[in-house]
Amino acid sequence: MRIATYNVNGINGRLAVVLRWLEQVQPDVVCLQELKAPDERFPEEALNKAGYRALWRGQKSWNGVAILARDGLPLAARAGLPTDPDDPQSRYIEAEVSGIIIGCLYAPNGNPWPGAKFDYKLAWYKRFSAHAKKLIAAGAPTILAGDYNIMPTELDVYKPERWVNDALFRVEVRDVYAKLLKQGWTDAIRARHPTARIYTFWDYFRNAYARNAGLRIDHVLLSPDLAPRLIAAGVDGAVRGWEKTSDHAPTWIQLAPVKVAKKTAARKAKPAAKAKTAKKAKR
DNA sequence: ATGCCTATTATTAATAGA
């Protein structure tokens, strides 16, 4: 099962790129951010023709998030964070797909620091972190995927010293991310690639993509029960080089099917009823 | 310290992004 997150920077201006990428990669689940379109301008028909059903929460001009799934309509769980459902900024949507809770987020940028926008970022993350904690406590297999607008460590920035006072790298937001991981979440890219320089965003400015002057700000976080199923994670970096492309690249993970207990001499077979349930939960 | 580039919206410029 392949799950991807992609900040498209305008779903309508980017539709050809998104469709080309979907056709090429065929992910099972996709979290999209920065639709930059109101609900009524979401290209549902084109995505349906590409084989995806969608849930979305748009907004005029800015923000907007969506969840796509190939195996039928994602089961809506919520739009907006629970502590402030009336936040006019569309930055969170949650659904259930194939038995997994998928939270799709577009965290505030927060620049410039200091200022009201940075304060809003911290306040938003306070609400998001509280929700994330409840999801862990609920115990269901859960993925939180999206544009976090945080470089977690110096390994995630091409020139860390230039970013120390930027809202994406300030110590306050790095702390927020570290505390999220302490709740029990696994950063999938880092789990698979502990020391590699991997970026998910390259500025349109200064020929950043060609120079690989990038940032790792799009993340896929896995709940404790899903982490053992992680078999691959990566970034479709080539997409960033396409015509009329987003400044972000799609970031993805692959999960192994649920393991079914094997009847071996070393390990006793589980009770029949339990084994049946495990088999049913496969994929 | 700032512009660079790109998208959206509303009228040729402002705002936001990261």
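With which residue's side chain does the side chain of Arg216 make a polar contact at 3.0 Å? The partner is Asp187; a polar contact is a pair of N or O atoms within 3.5 Å, where within protein one atom must be able to donate a hydrogen and the other to accept it, and residues adjacent in sequence count only if both atoms are side-chain atoms. The model is predicted, so that local features need pLDDT of at least 70 and side-chain atom pairs count only at pLDDT 80 or more, whereas totals for chains, interfaces and linings use all residues. Residues are numbered from 1 along each chain as its sequence is written, chains are lettered from A and ligands numbered from 1 in the order in which they are written, and side-chain values use heavy atoms, with hydrogens and water left out.

Arg216 is buried, at a relative accessible area of 1%, where buried means under 20%, exposed over 50% and partly exposed in between, computed with a 1.4 Å probe on protein chains only. Its side chain also makes a polar contact of 2.7 Å with the side chain of Asp156. Contact in general means heavy atoms within 4.5 Å. Not counting residues up to four places away in sequence, Arg216 touches Ile150, Met151, Pro152, Asp156, Asp187, Ile189, Arg190, Ile198, Tyr199 and Thr200.

DNA strand B is surrounded by 24 residues, of which the closest are Glu34, Ser61, Asn109, Phe205 and Arg206; a residue is near a strand if one of its heavy atoms lies within 4 Å of it. Of the atoms of DNA strand B that come within 4 Å of the protein, 60% belong to sugar and phosphate. The surface near DNA strand B comprises 8 nonpolar, 7 polar and 9 charged residues. In this classification Ala, Val, Leu, Ile, Met, Phe, Trp, Tyr, Cys and Pro count as nonpolar, Asp, Glu, Lys and Arg as charged, and the others, Gly among them, as polar.

An N or O atom in the side chain of Asn109 is 2.7 Å from a base nitrogen of DNA strand B. Asn149 belongs to the loop between β8 and α4 and is buried at 4% relative accessible area. Its phi is positive, about 50°, although the residue is not a glycine. Most residues other than glycine have a negative phi, and most peptide bonds are trans.

Asn9, in the loop between β1 (2-7) and α1 (15-25), has a positive phi near 55° and is buried at 13% relative accessibility. The loop between β7 and α3 contains Pro112 and Pro114. A cis peptide bond with omega of about 0° joins Asn111 and Pro112, and the bond from Trp113 to Pro114 is cis with omega near -5°.

Helix α3 (residues 116-138) has 23 residues and spans 33 Å from its first C-alpha to its last, close to the expected 33 Å, which is 1.5 Å times one less than its number of residues. Its buried residues include Phe118, Trp124, Tyr125, Phe128 and Leu135. The elements that cover the buried residues of α3 include β5 (75-79), β6 (92-97), β7, β8 (142-147) and α4 (171-182). Gly139 follows α3 and has a positive phi near 85°.

The account ends with the interior. A nonpolar core is a set of buried Ala, Val, Leu, Ile, Met, Phe, Trp, Tyr and Cys residues joined through side-chain atoms within 4.5 Å. The largest such core has 27 residues, and those with the most contacts inside it are Ile102, Ile143, Leu222 and Ile253. Strand β7 (residues 100-106) gives the largest share of this core, 4 residues. Apart from it lies another core of 22 residues, among them Ala4, Val18, Leu47 and Ala232.

How values were computed: Helices (H or I, at least four residues) and strands (E, at least two) are DSSP runs, numbered from the N terminus.
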